[in-house]
Amino acid sequence: MARLPRFVIERKDLVGGIRRLVGSKPRALAMRASCPPRTLATLTDPPLRRGAAVVFLLASLAPRDALAQAPDEPPAASDAAAPAPVIVPPRLKADPGVKYPEQALKERFFEEVTVDLILEINSSGAVRRATVEAPRGHGFDEAAVAAAEKLVFEPARRNDKNIPARIKFRYVFVPPPPKLTGRVEHQTAGSPIAPASITVRTADGAEHTTQTAADGSWALENVTVGPTHITVTAPGYEPQSADEELTPGEETNVVLRLLPRKAPEEKDAASEDEPPVQEIVVRGERPPREVTKRTLKREEIALIPGTNGDALRSLQNLPGVARPPPFGGQLIVRGSAPQDTTTYVDGTPVPIVYHFGGLSSVVPTEALDKINFYPSNYSAVYGRGMGGMVDVGIRDPKKDGRLHGMAQLDLIDARLLVEGTIPKTGVTFLIAGRRSWFDGWLGPVLTAAGAGVSTAPRYYDYQVMLQKDFGQRASLRLLFFGSDDGLEIFNENPNAGATSFTGIGTHTSFWRLQARYEHKLTDSTELKVTAAVGQDSVDVGFGALGFTTTELPISGRAEVSQKVMRSVRANVGIDMIYSPYDLHLRLPRPRPPGVPAGGPEDVPLETTQSGNRLFGGLYTEWEFMPWQGMRVVPGLRLDYASSTQSWDLSPRLNLRQELTSGSPRTALKAGAGIFYQPPGPLETDPVFGQEGLKSNRSVHYDVGFEQEFGPRVELSVNAFYKQLDRLVSDGAGNVGAGSVYGTEWLLRYKSDERFFGWIAYTLSRSERRPEPSEPSARSPYDQTHVLTTIASYNLGRGYRLGARFRLVSGNPYTPTTRGAYDATTGSFQAATASPPNGARLPFFHQLDVRFDKTWTFTSWKLSAYIDIQNIYNHQNPEGITYNYDYTQSSYVSGLPILPSLGLRGEL
Amino acid sequence: MIKNAWILGAVWMLGATGCNFPSFDPENQVTSVRILATRTDKPYATPGDTVNLDVLAFDGRAEKAHPMRVFWIPTVCTDPPEGAPYECYPAFAGAFPRGEDLTPRLKEGMSFSFDVPEDVLGMPGPPGPGSAPFYKTLVVFHMACTGHVEYVGARGRGPQAVPFGCFDAERKELGPEAFMFAFSRVFVFPVLLPNSNPAIDHLTFDGKTVDPSEGITMAPCAMPEIDQCPAKPLDISVPEGSHEPDPSYRTEDGEMGKERILVDYYVTGGQVSSTRLLYDPESGKVGSTAGDLRAPLAAGEETLFAIVRDNRGGITWLEIPFHVR
């Protein structure tokens, strides 16, 4: 029977460790073999823990006459008489090493794995056979065998004769550490900054520092997996920081752009071509659990022609968003009605997102951190909407201890922002406000023009924020924000018509007091709680008719995010809205097409209601990363609506597969999910609405890919399909149905110091069928082709020129001819073609141009711009109008050339 | 001065940036075959009543090769769904053949009478929202045509398209200037609800009461555009007694309201204001109700129409000679 030989083996492995194995209970000897040499050279952690290792262990498996035996062991009793042979075990001469298998990385398997092998080594020292003792899967066995077969030994010897040997050999595979690389650039010029000091605080609390190279690049290896905070400082620049999640075996590249901290002597010489600095993240069609980001910088948003620098209006240039009518502050997303797209501010629902007419957003661009925009297939975190979703994130105040300010004035409004730190408290603050002032000049203009009406439109909004950080893991933020829009049109000749029309007055306002608490409870557990109280008011009056509603919504949202294991994260949350309301409506009785005015029923309907509405939602969402580059996000949401007294269950699934680990990036993505939207308040009103309604329903499907072409150019393509059913139909219940399908293309050049731009194209079809007995017809929001091209070029010396061109299918309309004359009321009826929306207005096309000039002074900066919409003054048909008997028609054209001027100062 | 310049600049910009709405000939310019109003002696009727209708129609064409004729469809449409007249059209498909002169089948003349069927009300359905009492709608169709009438169907123009056409002797369809299709509604209640046609006291022009038989006389306007011509006030007086209570109407205070009464002016030449409110359902008699009348650019004999309507089907009118000398 073979016996275990006892050897003393000394070997210096690749990482310099000397190990001594003695006896029959061998210790593991670790050897780093998986990382490339440049990575190994920077290892700082102990190799036994960090490196994929080779362990070898000798065993007595060779034939008895060829058996090597340990010299330091007393001979067996049966051999005592014979002279003990001198046995020298095989000794490793060459080891090409082994890598953590790609298969395991692709499968997102990051565990430390040990593979034991039995090696049969011939008398020349070559490995004749390698056998795995206990298979481990994930490609470890194959990698171990392949590596072992390349090992070369100095053969075992008995006395002076080479003999074959059989040994145990162990590989220990340790997942490769993440790699963190980056580049530090000038904020706007994009030029490299060197030297810059980078400090990286990893999840284990360790801090690593390095410096940028001459080209601004930097790299750190062997950093710990998990959340990582990166801080960059450089002489003459404002510090900058970022947070990233590091994954084993993956390289994370972080580009940080620093804002110059201007010394007085620098400012005169500073380039005057520095646009505003901060970034806003606009994520198109990206669920919050998605891996990659699509980012538009704030400087891009602020410079898009035709938007007056308004961030939310920039959304209208993204694929999937239809062109709204002029002065129509609407988001028409993937063929859905505007009211189907829900809007939030940091997770709190708000009733409006634009001031009236879409002139500007209710939250100014300067106060924004990011805009999460989801055309469809959004996370189970959000419910009660079946179209798109917009979540506006308000940024934190600046924390550099200095006071900052901004003031802007244009023909429409004036705005102010102040932010900084309250001394000795650690509390940062941000105060911003805006008020329109065109009511100051439009009224006299209308009077001078003899318009017969005078208007007094005005709006304002405000934001006040206090924030306190409690260490690195927790923060509390209080935000008070609101908006107020008022419009009154006075008719100076009130009896010139069928009614004593004295004018229209509308007043829409809301405010919210929001508290947000975020706490990273542990390295793997995060808590986020948001609560808000507020008020929504709408007061619309025209003559003796009108409606008034007041709601006092109390909303809350809480979510716990738990990292279950390395490749699995669970998110569980609850959100709720409890909203007491008062409602008074006095409106004309709804009249279907073809039903003439007049008669006993042609009197106003009136209702007064008080009550409360409750919407509650529970959701859970899991993030799985089963293999490298793959992210599977299943979610489930359960909603309750008191207005329908029913529950809705919404399963959702999003998938994303990164096909490449570095640049140029290639990714496939897909999603499917069910979305419910409760009927609106008027639809369930006992007088104006119907009883027994259920939620509208929509099923979203979305597939697509993203492909980078170099560092600046990216193509994103999607195909989507939305199936709509249970739509509320006037007087008929939930019998409506519809569908929306299409494809979206976005080719984008990410901004550099000179240029940014993109081409967005959407091809889609949106159809509705109000009742099963009616034919399917185009929806009023159907726009077959939507092409938007944007380009902005920095001319230098503070000058910048940009242009936006749009080519969009005309809106659908229903051809109308002369119907019968109502000889009682004296009006012609319209004979509308069936199905509706069977015709389309001519194509819309428009070129907008924006020109900016920036002057930089010692302590502040002044910018001026002119934004000219429709510069070639194309008369775009926006509607169709008829004469009194519908025998003549003509297009109503939209905005001709419209210039807008603005001034902005920044401290 | 600076302010004025600023305002003028802003006016220019507003004009440059405002949406472009085209202008059409005004509705109250009668230049074609027109049915202007149809009056019933019982806007609200009860089963068994005899209802009499007369029509105010006028041929405003400059050239009248063939005279205007008024025809009535002899069958009254009863209780169409939601009171929509176009819901009666499918029944015509079975009643009238296509491509045939229907003139012999129609009643011709400026008036029409019918008896309300005794059983028209049937069983009352559940009350709808609001305060409307139980009633049924009867629809009487009539048309003005300078040729003969044929049934043509919807011709793919939708369910509300007029299913009749007016054709000349060569069976060529005539245009809207030679044909007009109209309807008038009568509302039938179980019991008679008070509802009378409004009355007209008098018409005033330039502050003076107009004798309906003598009419109004103006000199032709010498300006190049009629908008530049001087306007003179035109007003109509409707007695307070015509402002009847409307039991269906509730004011903002929850009280019973009254009818809305207004006047529509039409003219064959010159220019006149269109609609003027005379009585408001809530605030009552309107203080200033005068419209403007401008003389045409050329002399001639024109006609002015003042049609007073209330919101419950009541109608009355004046037809005044308008002498431009």
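Predicted model: local features only at pLDDT ≥ 70, side-chain atom pairs only at ≥ 80, totals over all residues.
Local features required pLDDT of at least 70 and side-chain atom pairs pLDDT 80 or more, whereas totals for chains, interfaces and linings use all residues. Residues are numbered from 1 along each chain as its sequence is written, chains are lettered from A in the order in which they are written, and side-chain values use heavy atoms, without hydrogens and water.

Chain B contains two helices and 24 strands (DSSP runs, with H or I over at least four residues for helices and E over at least two for strands, numbered from the N terminus). Of its 325 residues, 51% are buried (under 20% relative accessible area, with a 1.4 Å probe and protein chains only). Among contacts in chain B with a separation of 6 or more (contact being heavy atoms within 4.5 Å), 70% involve residues 24 or more positions apart.

Over all chains, 41 aromatic pairs were counted (rings of Phe, Tyr and Trp, the last by its six-membered ring, with centres within 6.5 Å; planes under 30 degrees apart are stacked, over 60 edge-to-face and the rest tilted). The rings of A:Phe153 and A:Phe169 are edge-to-face, because their planes stand at 90 degrees, with the centres 6.4 Å apart. A:Phe153 belongs to strand 8 (residues 152-154) of chain A and A:Phe169 to strand 11 (residues 165-173) of chain A, so the pair ties together parts 16 residues apart in sequence. A:Phe153 is buried at 1% relative accessibility, and A:Phe169 is buried with a relative accessible area of 1%.

In chain B, the rings of B:Phe96 and B:Phe164 lie with centres 5.6 Å apart and planes at 75 degrees, so this pair is edge-to-face. B:Phe96 is in the loop between helix 2 (89-95) and strand 6 (107-108) of chain B and B:Phe164 in strand 10 (residues 164-167) of chain B, so the pair ties together parts 68 residues apart in sequence. B:Phe96 and B:Phe164 are buried, and ring pairs link both into a cluster that includes B:Tyr89, B:Phe92 and B:Phe141.

The largest nonpolar core has 35 residues (buried Ala, Val, Leu, Ile, Met, Phe, Trp, Tyr and Cys joined through side-chain atoms within 4.5 Å). Those touching the most other members are A:Tyr821, B:Ile35, B:Phe114, B:Val116, B:Leu138 and B:Ile307. Strand 3 of chain B gives the most to this core, with six residues. Beyond residues up to four places away in sequence, B:Leu138 touches residues including B:Phe114, B:Val116 and B:Val186. A second, separate core of 30 residues includes A:Ala367, A:Leu368, A:Val392 and A:Met406.

Technical notes
Buried < 20%, exposed > 50% of the residue type's maximum accessible area, 1.4 Å probe, protein only.
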